[in-house]
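Here is a short briefing on one protein structure. Look over the fold first, then read the points below.

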Amino acid sequence: MDRPFGLLAELTYRCPLACAYCSNPVNYGDYRDELTTRAWRRVLGEAADLGVLQLHLSGGEPLLRRDLVELVRTATGLGLYTNLVTSALGLSRRRAHELRAAGLDHVQISVQADEPVLSDRIAGISSFRRKVAAARLVKELGWPLTVNVVLHRQNIDRIAAVLDRAEELAADRVELANTQYYGWARLNRGALLPSRAQLERAEAVVRAARERLAGRMEVVYVLPDYYGRYPKPCMGGWGRRQLTVAPNGDVLPCPAAHSLPLPRASVRSRPLDWIWAHAPVFEAYRGTDWMPSPCRGCSRREIDFGGCRCQAFQLTGDAARTDPACHLSPDHGIVERAVAAANDGTRPAGEALVNRTLSAAQSPRR
């Protein structure tokens, strides 16, 4: 059995933003009872023993955890590479210096657009100028900086300006990841899914930027699943290289797996190595034996592993179905109809997003 390479530690689902594409659970109330500092420190030690090398500290907004510096210090002592995935709201100069001294290796800041009005509208709160100031602080303190922008119908036409902004901030890496339709993004898909024409224009801009910025800034561009011929590999294979620990201690093969009707596994009751090796939530779709036709006989079965189990469940009601994003799936028509609606020319690019109505203290994620 493979050992996990990376751990996504979702420390809290509290967040000051209210982005309509948020991928964290809609049922936030199930995650209010967050792991204690002592429990997280134990989990980090078990992760290191299991073979984890990279720790991604995320949420919600991880800076809302008062023990974040202590957790980074613990991870550094265990030899883990630490990456803070943040909206950057709350990254004060004092907090940044504390995290630097604790050994934090990398900072990834989410930005909703290239300019204040659109960015703040998408985020549901005035935040753009604070994000830019935080990005400059990150570079001042010598951290590698990744700027992450979730793309969708509302901002994808500004992708050239987004790249210009990332370059102006001296980002080492920019991730232009089209929205994946889970959680709140699934509820808002009609207002978020871009048209094919928008994607073609964006791809041309990205190709030119990669040539221009080669050697200076890495440009990562991820298509939405709905426009791919084949599905993306599910986390490099279900229960194969990655694992997620949710704020309440649930352990998952991917961040969206909480949506599946599978028995829960928690670090409150089992050690991480047992969960990785034996928990039904990890065993359910590990390998290829579970696959139905056409996946079972497909030459790509160990390349894309049948696609996303969470997407298959959300679109068909059966997590064991071939991901409908695959053109070979018997359910591909579900995706084709969604794409047709995004391309019918009747939906304006400025259609209002339905931002979450939870309070800032309750909302799940950037």
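Five bridges join strand β6 (residues 173-178) to β7, and the two strands run parallel. Strands here are DSSP runs of type E with at least two residues, helices are H or I runs of at least four, and both are numbered from the N terminus. Strands count as paired if DSSP finds at least two bridges between them.

This is a predicted model: local features need pLDDT of at least 70, side-chain atom pairs count only at pLDDT 80 or more, and totals for chains, interfaces and linings use all residues. Residues are numbered from 1 along each chain as its sequence is written, and side-chain values use heavy atoms, with hydrogens and water left out.

**The sheet**

- Nine strands form an open sheet with mixed pairing. The order is β7-β6-β5-β4-β3-β2-β1-β8-β9.
- The edge strands are β7 (218-222) and β9 (251-252), and each pairs on one side only.
- Strands of a sheet pair through backbone hydrogen bonds, either parallel or antiparallel.

- Seven of the seven residues of β5 are buried, so the strand is largely enclosed by the rest of the structure. Buried means under 20% relative accessible area, exposed means over 50%, and partly exposed lies in between (1.4 Å probe, protein chains only).
- In a regular strand the side chains alternate between the two faces of the sheet.
- In β5, L145, V147, V149 and L151 point one way, while T146, N148 and V150 point the other way. All of these residues are buried.
- Strand β4 (residues 106-110) pairs with β5 in the parallel sense over four bridges. S110 has N148 of β5 as its bridge partner.
- β5 also pairs with β6 in the parallel sense, over six bridges. V149 has L176 of β6 as its bridge partner.

**Strand β3 and T82**

- Five of the six residues of β3 (residues 81-86) are buried, so this strand is largely enclosed by the rest of the structure.
- Strand β2 (residues 54-59) pairs with β3 in the parallel sense over four bridges. L55 has T82 of β3 as its bridge partner.
- T82 sits in strand β3. T82 is buried, with a relative accessible area of 0%.
- Leaving out residues up to four places away in sequence, T82 touches L55, V72, A75, G103, L104, D105 and H106. Contact means heavy atoms within 4.5 Å.

**Helices α6 and α9**

- Two packed helices are described by the angle between their axes and the distance between the axes.
- The axes of α6 (residues 159-168) and α9 (residues 196-213) come within 9 Å and cross at roughly 25 degrees. That makes α6 roughly parallel to α9.
- Axes are lines fitted to C-alpha atoms, for helices over the stretch in contact, and angles run from 0 to 180 degrees between N-to-C directions. Angles under 35 degrees count as roughly parallel, over 145 as roughly antiparallel, 65 to 115 as roughly perpendicular, and the rest as oblique.
- I159, A160, L163, D164 and E167 of α6 meet A202, V205, V206, A209, R212 and L213 of α9.
- By class, this contact of α6 with α9 has eight nonpolar, no polar and three charged residues. Ala, Val, Leu, Ile, Met, Phe, Trp, Tyr, Cys and Pro count as nonpolar, Asp, Glu, Lys and Arg as charged, and the others, Gly among them, as polar.
- α6 lies across β5 (145-151), β6 and β7, running at about 155 degrees to β6. α9 lies across β6 and β7, running at about 160 degrees to β7.

**Helices α2 and α3**

- α2 (residues 68-77) and α3 (residues 93-102) pack at an angle of about 20 degrees, with their axes 8 Å apart. That makes α2 roughly parallel to α3.
- L68, V69, V72, R73 and T76 of α2 meet R95, E98, L99 and A102 of α3.
- By class, the contact of α2 with α3 has five nonpolar, one polar and three charged residues.
- The buried residues of α2 are L68, V69, L71, V72, T74 and A75. They pack against β1 (6-12), α1 (37-50), β2, β3 and α3.
- G79 follows α2 and has a positive phi, near 85 degrees.
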